[in-house]
Amino acid sequence: MSDTPSATAELKLPKDIAAEKGLVNVQIDGSWYQFPKGTRMIEACRQVKVDVPYYCYHPKLTVPGNCRMCLVQMGMPPRPAPGQEPSRDESGYEPIGWMPRPAISCANTVAENMGIRTTGELVEKCREGVMEFLLINHPLDCPICDQAGECRLQEQSVGYGRGVSRFVDMKVKKPKNVDIGPRIRLDDERCIMCSRCIRFMDEVASDPVLGFTQRGTHTTLSVHPGRLLDSNYSLNTADICPVGALTSNDFRFQMRVWFLKETPSIDVNCGTGTNIIVHTRGNTIHRITPRQNNAVNSTWMPDSHRLNFHYIDSDSRLTEPLTLSNGKHTSITWQTAYQHAADQLRKFMPAQIAIIGSARMTNEELILLKTLRQTLSVPHLSLVPRLADPDQLLIAADRNPNTTGAQLILDTTDPYASLGTIRSAIQNNQIKALLVFGEDLITDAGFTHGELSNLDFLLQTHLLANPTANHAHLVLPGAAFAEKRGSMVNLSGRLQRLNRAVEPPLNAKDDWEIIRDLISAISGDTAKIFLIEDVFKHISATIPAFANLTLSKIGHQGTVIAETAYKIPLLENERARIASGVING
Amino acid sequence: MSTIKLTRPKLDAGEKIYFGALIKGFFLTLSHAVTSLRGKSIGAKGLNSTGLGVTMQYPETKWDDHMPEYYRGAPALVTDEQGRERCVSCQLCEFICPPKAIKIIPAEIPSDDRWAKVEKRPLAFDIDMIRCIYCGMCEEVCPEQAIYLRKDYAITGLTRADMVHDKKKLYEIGGVRIGLVNKWNELK
Ligand code: SF4
Ligand code: SF4
Ligand code: SF4
Ligand code: SF4
Ligand code: FES
């Protein structure tokens, strides 16, 4: 051993260098990489972009290792005889003794000087064999199967299968088109027994209603007798089912997946701000699926939120600005509508006017609402609270998606505080003009018809025909969450983006544009903002929490801009499971 | 580029006055006229001619019985030997169709239907014959052998809407076709 430091460093073995960082050296398909101890082989391969096909493995679920699709060839250095120094190559790695039998890469973790081969005759033959077994009894329903186009079995059959079947006997018949729950349809012939759905219902949804019955080729997925797969998280099983065994009733036969365009956005049904993908064809939304965000919703989503989009395409959508004359609503142009609003509002003292907004509005809409309030010098501005029971997983008690954003933008701890004041002021005739944005006061805020008919001027922007609109002198049609861009802040302080997946119908307009045009009609100031990016710039210039941000800098995974005490229960469960080593995460 | 020089043929005096060739031409035309009047034009039979010469009096006479087996006319849907509509609305033809002529609205087959086990069929199936280019891709891609290019070629209409073949019309044109795919019928 030399005593010069550089020479010592040179002599340091790769295993010691890695060990200092808590890593191990692994050879994957001939190249050496370093991974943290305890990494699963399949994850190691994925991290260095080496493709290993799999079915049953899911990073958020326990690993049963039952599909055998992830087989790879594994090798370790041979154990030296007692007293013998292991031999090393010039880079300091020990030679790898390859095992003659394959190993599953999902359940095994990496070790120092391990070798993994994901190609080669052994591995390819294994995959061909697994594929052939899986397809022996598979019905090949692809032309009518909703999974076609995003089916792992299809993909891996093309990628790793042998191409032709050697099986000549009758296929095993199993129940098809089984009704196992209100939102999920089961086709047992298509099931490849990966058990992902069973594990999900047990481990994540804590409602273990699924299980296998029978044995061998007759193994059948079924729901516990007397029970239904009716958890509010049941549709996640359709997402993780690698084949078309579990499919969504709502999406059933609606559209083939290869026609769908995917737009990343966020869910607006509660304060969690679940990340979603909106699937559209043309101007129609066909389904919504969760999008992975480990700091928000992991990879899951409640059914009730996922399915709450059909109103966007419904007949009750408002599509034209309407004015009330002689007790009837007639449609007018936007220009007339703005002018009408401005003329009416001039008739009132600022103290006679109030604004009620919504915490379903984006930050951009809220900042413009703030400007509108300043333009009119209105003393009262409130949002409408929306509270319901939380589900201890993803659904928060606060069903408004942007309460935190409203707190930041309106610079108040309770943006709902003055709703009661406004209401009593309407009752005793102090407030005569009311501007309502995106809320139905009668249904959602408990206002009465009598109170609303007390008003001399009521303006409402909304998506759908609603009881409040019946009293409104001016009804302006707004855009649904999938029709607009903008940003919201979820309960844990994460700023996230909405993206436009479809266009608003007919003459309906993006809400921020409505407020912008109202402001300029009232103030007579025609200097317009044309881009939502510019509204956001205004936010980042005036609200400290948003400083130095732009809409594009937010990114698809969001950016934390505020500290809150809120913890998403599902993530807490997941973290505990990662810490105890049951899952990878 | 290479240049090729052509030498003009030397014409003799007779050829220089082209009158001779003109007369020759008149006689040739006259002889054709006579053959045609006698109904003896070459290929007259093969071309289904009526009246004089090789002219086919379309639309009184048509090509129909002269169409080769491989002729590709209007695409149409077919039913199988048991009267089951073969199409399961997989929408592959809609996807592959180069001019986007096909529009399908899929639907579930009600559980009391005779073919409930097929689960899926088209609620509406429209082919816009103004768009269709008779390429035959739909026939080629169909996994259920449900769509074929038939021999209908005279697709006319007075409005654009007339030119859209709906499901009823498509089955009318298509008729029955006995094929190989028998995954869904009672034979299987
Ligand atoms: S699960 Fe996949 S392979 Fe099986 S029928 Fe459906 S699409 Fe085809
Ligand atoms: S239904 Fe799907 S997820 Fe469940 S075991 Fe079968 S293949 Fe796996
Ligand atoms: S023949 Fe070609 S163009 Fe016509 S419908 Fe079929 S795929 Fe489309
Ligand atoms: S490809 Fe065949 S089965 Fe599929 S929709 Fe077209 S005609 Fe129907
Ligand atoms: S993914 Fe490894 S055994 Fe299924």
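Which residue follows α10(A), and is its phi positive or negative?

A: Ser377(A) follows α10(A), and its phi is positive, near 50°. This is a predicted model, in which local features need pLDDT of at least 70 and side-chain atom pairs count only at pLDDT 80 or more, while totals for chains, interfaces and linings use all residues. Residues are numbered from 1 along each chain as its sequence is written, chains are lettered from A and ligands numbered from 1 in the order in which they are written, and side-chain values use heavy atoms, with hydrogens and water left out.

Helix α10 of chain A covers residues 363–376, which is 14 residues, and helices here are DSSP runs (H or I, at least four residues) numbered from the N terminus. From its first C-alpha to its last, α10(A) reaches 20 Å, close to the 20 Å expected at 1.5 Å a residue, where the expected span is 1.5 Å times one less than the number of residues. The buried residues of α10(A) (under 20% relative accessible area, with a 1.4 Å probe and protein chains only; exposed is over 50%, partly exposed in between) include Asn363(A), Glu364(A) and Glu365(A), as well as Leu372(A) and Leu376(A), the helix ending at residue 376.

Turning to the ligands, the residues around ligand 1 (those with a heavy atom within 4 Å) include His138(A), Asp141(A), Cys142(A), Cys145(A), Cys151(A) and Arg190(A). By class, this shell has six nonpolar, three polar and two charged residues, with Ala, Val, Leu, Ile, Met, Phe, Trp, Tyr, Cys and Pro counted as nonpolar, Asp, Glu, Lys and Arg as charged, and the others, Gly among them, as polar. Ligand 2 is surrounded by 14 residues, the closest being Cys191(A), Cys194(A), Ser195(A), Cys197(A) and Cys241(A), and its shell has twelve nonpolar, one polar and one charged residues. Around ligand 4 there are 13 residues, of which Cys87(B), Cys90(B), Gln91(B), Cys93(B) and Cys142(B) come nearest; that shell divides into ten nonpolar, two polar and one charged.

Asp141(A) lies in the loop between α4 (121–136) and α5 (152–160) of chain A, and at 2% relative accessibility Asp141(A) counts as buried. Arg190(A), buried at 5% relative accessibility, meets Asp187(A) in a salt bridge of 3.5 Å, N to O, the term standing for a side-chain nitrogen of Lys or Arg within 4 Å of a carboxyl oxygen of Asp or Glu. Asp187(A) is likewise buried, at 3% relative accessibility.

The structure holds 42 salt bridges over all chains. In one of them Lys509(A) pairs with Asp517(A), the closest N and O atoms being 3.1 Å apart, and Asp517(A) is buried, with a relative accessible area of 6%. Glu572(A) and Arg575(A) also form a salt bridge, with their closest N and O atoms 3.1 Å apart; they are three residues apart in helix α19 (residues 569–579) of chain A, and therefore separated by about one helical turn. Glu572(A) is partly exposed, with a relative accessible area of 31%, and Arg575(A) counts as partly exposed at 44%.

Notes:
Helix = DSSP H or I, 4+ residues; strand = E, 2+ residues; numbered from the N terminus.
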